[in-house]
2 protein chains.
Amino acid sequence: MSETPTAVVLLSGGLDSATCLAVAKRDGFAPVGLAIDYGQRHRCELDASKRVAEAMHADVRTIRVDLRAFGGSALTDNIDVPKDRGEHEISSEIPVTYVPARNLVFLSLATGLCEVLGAQNLYIGVNQLDYSGYPDCRGEFIASFQNAANLATKAGVEGKGVTVRTPLIDLTKAEIIRLGTELGVDYSLTVSCYDPSPEGKACGRCDSCTLRKRGFEQAGIPDPTRYA
Amino acid sequence: MSETPTAVVLLSGGLDSATCLAVAKRDGFAPVGLAIDYGQRHRCELDASKRVAEAMHADVRTIRVDLRAFGGSALTDNIDVPKDRGEHEISSEIPVTYVPARNLVFLSLATGLCEVLGAQNLYIGVNQLDYSGYPDCRGEFIASFQNAANLATKAGVEGKGVTVRTPLIDLTKAEIIRLGTELGVDYSLTVSCYDPSPEGKACGRCDSCTLRKRGFEQAGIPDPTRYA
């Protein structure tokens with residue numbers, strides 16, 4: 001009768017979502033990872049999601065949604081990923097790596113999976129400090145989404161809706177890395193780079209690499225990333 | 001300079017969304033239909049969406065998202081579609097044809113397309129009177145979704161977010177049919193049936209057929225549906 005409750009954890013193959021998966025386990029859930037194949041150029045992140053889930057003995061589901069059909073982002077189209085930007089530039093505007101409505105779509109899909117699995121907890125590794133200017137990483141959006149999700153679903157109507165958990169939302173990248181390290185996350189399995197080499201090596205120069213590198217430096221933890 | 005503004009219209013191939021497309025044109029928009037290939041068993045509705053858009057000289061985009069990977073619905077799985085139910089039964093509970101989080105996912109995708117096209121109007125043909133017990137057809141959900149969508153997107157942050165328009169929300173099926181007929185909708189192109197024959201003929205007995213048939217009767221308009 002006291003079965004471990006399931007939680008759905010959105011997995012991107014990156015550092016934040018891997019930490020989130022570890023937090024969901026720490027919180028006492030049996031996590032099911034959800035990886036989204038949205039036509040991203042950096043496909044190695046799907047493999048990274050599977051490696052991360054496997055290392056933490058979690059199930060992983062992959063769902064396909066072709067956001068490339070819309071275009072409008074450097075992460076799905078042939079638009080150059082910005083490189084070598086300073087901290088101020090990174091945080092001052094919404095970059096071309098923004099994918100229209102991405103977290104809205106991802107959370108909606110995760111809500112559907114929660115309903116099918118009977119899961120009432122949904123983890124997403126957004127953070128609004130090092131958020132790089134993405135509007136869909138803000139707590140205000142997450143709270144509003146949770147409200148909409150619970151009006152949309154049969155589970156919500158029946159009082160068994162989802163709680164969207166964002167354990168990283170107010171942490172710095174360094175704090176996230178320290179937390180994950182304490183919880184045993186193997187960050188060498190993760191890929192954060194927006195423009196990795198075909199072999200999955202990180203460029204070291206895009207916004208995501210810049211934030212990740214700085215995070216390991218500030219945490220005082222060796223950076224296991226394979227740079228090109 | 002006075003270009004006709006674009007609106008995105010969610011198209012299901014059915015009667016309601018065809019009417020919605022006609023309303024968007026009447027409202028002065030250049031509508032772009034969005035058909036969602038979600039792994040539905042009744043695939044002929046995708047062809048219907050294209051026929052409907054073509055007849056109204058509207059562009060149509062199709063996006064694929066594999067909701068079948070989740071399961072949990074008679075519309076995607078091998079679960080029997082209920083037949084020959086009375087009006088009371090149809091409206092009294094959420095049926096097995098409910099697809100988890102479907103309108104949440106569809107509206108999220110449409111929000112992304114709006115942002116890419118610079119469209120600030122999004123039409124969806126939900127109605128809460130003949131809503132057959134689907135929670136994601138209620139006005140309360142739509143209002144909450146619009147709020148979340150505009151917090152999620154770059155367009156929303158920049159004050160160019162979407163308005164979700166639901167012109168059919170308080171109409172009966174008969175009123176919808178009268179409205180569409182006035183606007184020149186050819187309902188013979190639409191498919192509402194949950195369980196059509198391989199040739200696209202309607203079963204005449206599922207909840208959707210029952211509501212549609214009754215709507216034509218009450219509107220006093222000949223029903224052009226091809227029944228099996």
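Read along the sequence, chain A runs β-α-β-α-β-α-α-β-α-α-β-α-α. That gives 8 helices and 5 strands in chain A. Helices (H or I, at least four residues) and strands (E, at least two) are DSSP runs, numbered from the N terminus. This is a predicted model, in which local features need pLDDT of at least 70 and side-chain atom pairs count only at pLDDT 80 or more, while totals for chains, interfaces and linings use all residues. Residues are numbered from 1 along each chain as its sequence is written, and chains are lettered from A and ligands numbered from 1 in the order in which they are written.

Start with chain A as a whole. It has 228 residues, and 55% of them count as buried. A residue is buried if 20 or more other C-beta atoms lie within 10 Å of its own, exposed if 12 or fewer, and partly exposed in between; the C-beta atoms are placed from the backbone. Two residues are in contact if their C-beta atoms, placed from the backbone, lie within 7 Å. Take the contacts in chain A between residues at least 6 apart in sequence: 72% of them join residues at least 24 apart.

Now bring in chain B. A rotation of 180 degrees, with 0.0 Å of shift along its axis, superposes chain B on chain A with an RMSD of 0.0 Å. That is the relation of a two-fold axis. The copies are superposed by least squares on the C-alpha atoms of residues with pLDDT of at least 70 in both. The same surface serves both copies, as 100% of the contact residues of chain B recur in chain A. Which residue of chain B comes closest to the rotation axis? It is B:V65, with its C-alpha at 2.1 Å.

Next, the interface. Here 39 residues of chain B are in contact with 39 residues of chain A. On the chain B side, β3 (59-64), α4 (102-117), α5 (139-152) and α6 (154-157) each supply at least two residues. Helix α4(B) gives the most, with 10 residues. By class, this side of chain B has 22 nonpolar, 10 polar and 7 charged residues. In that count Ala, Val, Leu, Ile, Met, Phe, Trp, Tyr, Cys and Pro are nonpolar, Asp, Glu, Lys and Arg are charged, and the others, Gly among them, are polar.

Then look inside. The largest nonpolar core holds 136 residues, and A:L21, A:L34, B:L21 and B:L34 touch the most other members. Such a core is a set of buried Ala, Val, Leu, Ile, Met, Phe, Trp, Tyr and Cys residues joined through C-beta atoms within 7 Å. Follow B:L34. Leaving aside neighbours within four places in sequence, its contacts include B:V8, B:V9, B:L10 and B:L11. B:L34 also touches B:R61, B:I63, B:L109, B:A110 and B:L113.

Strand β1 (residues 6-11) of chain B is mostly covered, with 5 of its 6 residues buried. It pairs in the parallel sense with strand β2 (residues 30-37) of chain B, over 6 bridges. Strands pair if DSSP finds at least two bridges between them. One such link joins B:A7 to its bridge partner B:P31 in β2(B).

Move on to helix α7 (residues 173-182) of chain A. Its buried residues are A:K173, A:I176, A:I177 and A:G180. Seen down the axis of α7(A), they fall within an arc of 95 degrees, so they line one face of the helix. The arc is that of the directions from the helix axis to the C-beta atoms. These buried residues pack against α1 (15-26) and α8 (207-219) of chain A. After α7(A) comes A:G184, whose phi is positive, near 85 degrees.

Finish in the loops. A:H57 is found between α2 (44-55) and β3 (59-64) of chain A. Its phi is near 55 degrees, a positive value in a residue other than glycine. Most residues other than glycine have a negative phi. Is A:H57 buried or exposed? A:H57 is exposed, with 9 other C-beta atoms within 10 Å.

In chain B, B:R85 is found in the loop between β3 and α3 (87-92). With 16 C-beta neighbours inside 10 Å, B:R85 counts as partly exposed. The C-alpha atoms of B:R85 and B:A119 are separated by 40 Å, with the two residues 34 apart along the chain.
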